[in-house]
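Student: I am new to this one. Can we go through it by question and answer?

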Amino acid sequence: MREYTGRVPSKLPDVGTTIFTVVSREAASCGALNLAQGFPDFTAASALFDAVARHMHAGHNQYSPMAGQPVLRAAVSAKMAAVYGAQYDADTEITITAGATQAVYTAIAALAGQGDEVIVFEPAFDSYVPGIRLAGAVPVFVRLDAPDFLPDWDAVARAITSRTRLIITNTPHNPTGSAWSLDDQRQLAALCEGHDILVISDEVYEHIVFDGREHASACRVPELAARTLLVSSFGKTFHVTGWKVGFVCAPPSLSAEFRRVHQFNVFAVNTPCQLGLADYMADASRYLDLGAFYQRKRDDFRARLAGSRFELLDCAGTYFQLARYAAISGEADEAFVRRLMREAGVATIPVSAFYHDGFDPGLIRFCFAKSEALIAQACERLCAL
């Protein structure tokens, strides 16, 4: 094929292929067990597939309404009220999206403009900063420090200026597995008071919290909910990340601005999947039991690595586990990850990939949303190091 020889100006000249794609590709090429990319290697319940198929066969295969199927928005509204005591109107305050990444990107595009500042907590999921830069806004970084990776609210206060437009939060947190308390959310609300600051709260792991914790959703703090676009994901909750269906809850004025952009970069989301998800959500145990399900996996993973030379950090939520490897190697994290793939046959993610400047905290991230057999095999290899 002939190559285009003209100038191709890049809006993201410093951005290459994501680390998740790179590591997963290398893992496949060398046959490594993939504890890197954050998706389950097990299937969802057949009842969910049956529900989607039922709607496909019933002829529900055309465009959905732009804001999402009313029955799914109603199901989300009922869930938010039952779980968090938060009242979101299904018609004006809930929008179904093509996954959480699209939701965050659209929220940034709708609400941040040229020269606006957006506060980001690092380490951060890698889609936030490109979205900020594409909007013409400026990322402002506040570092979360090991071992707890919770905000230093004095540092956040110092980062706020007259140009601060958005703060992006993420709890439970990818990649660290930390989880905010309600006091954290209240402190954020207090810092925003008196400023024209909006919040994007990435809560895709909302149902994956451990050890008796309750998820400290932004919507539990009314004064914070009033300025927040809350983002979540059906894919993370129901083990169907490839379906790319999520949702945003926000007050009417923020939802209206979100939808102005959403209608042009997505317009509508997969119709039979929306209808099937609405049916499946009728049984609340299908998401309320998720924390216990993943806690068993976390505990099994940690127990299997107890005899290894990895130092496991606390994990309060998500399906990710951070580990120090200093007792095994003094290499930079990316070099260690590549050697781990080649020599031990286990793929992980270097945590430096979650920092804009490549800061290396000497940590790697495991994903334990995997089958028991794969976890057992991977941990055997890791314990041999």
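**Charged pairs and a buried serine**

Tutor: Arg304 counts as partly exposed, because its relative accessibility is 31%; the classes are buried under 20% relative accessible area, exposed over 50%, and partly exposed in between, with a 1.4 Å probe and protein chains only. The model is predicted: local features need pLDDT of at least 70, side-chain atom pairs count only at pLDDT 80 or more, and totals for chains, interfaces and linings use all residues. Residues are numbered from 1 along each chain as its sequence is written, and side-chain values use heavy atoms, with hydrogens and water left out.

Student: Which side chain meets Arg304 in a salt bridge?

Tutor: A salt bridge is a side-chain nitrogen of Lys or Arg within 4 Å of a carboxyl oxygen of Asp or Glu. Here the N to O distance is 3.1 Å. Both partners lie in helix α13 (residues 290-304), four residues apart, about one turn of the helix. The partner, partly exposed at 26% relative accessible area, is Asp300.

Student: How are helices defined?

Tutor: They are DSSP runs of H or I with at least four residues, while strands are runs of E with at least two. Numbering starts from the N terminus.

Student: How many residues apart in sequence are the parts that Arg54 and Asp279 tie together?

Tutor: These two form a salt bridge, with the closest N and O atoms 3.3 Å apart. Arg54 lies in helix α2 (residues 46-57) and Asp279 in helix α11 (residues 271-280), so the parts tied together are separated in sequence by 225 residues.

Student: Is Arg54 buried or partly exposed?

Tutor: Its relative accessibility is 48%. That makes Arg54 partly exposed.

Student: Which residue pairs with Arg338 in a salt bridge?

Tutor: The N to O distance is 3.3 Å. Arg338 is partly exposed at 29% relative accessibility. Its partner is Glu334.

Student: How many salt bridges does a search of the whole structure find?

Tutor: Some charged residues join up in a network, which links Asp211, Arg213, Arg298 and Asp299. Across the whole structure, the salt bridges found number 18.

Student: Is Ser255 buried or exposed?

Tutor: Ser255 is found in helix α10 (residues 252-265). Contact means heavy atoms within 4.5 Å. Leaving aside neighbours within four places in sequence, Ser255 contacts Thr92, Glu93, Ile94 and Ala250. At 2% relative accessibility, Ser255 counts as buried.
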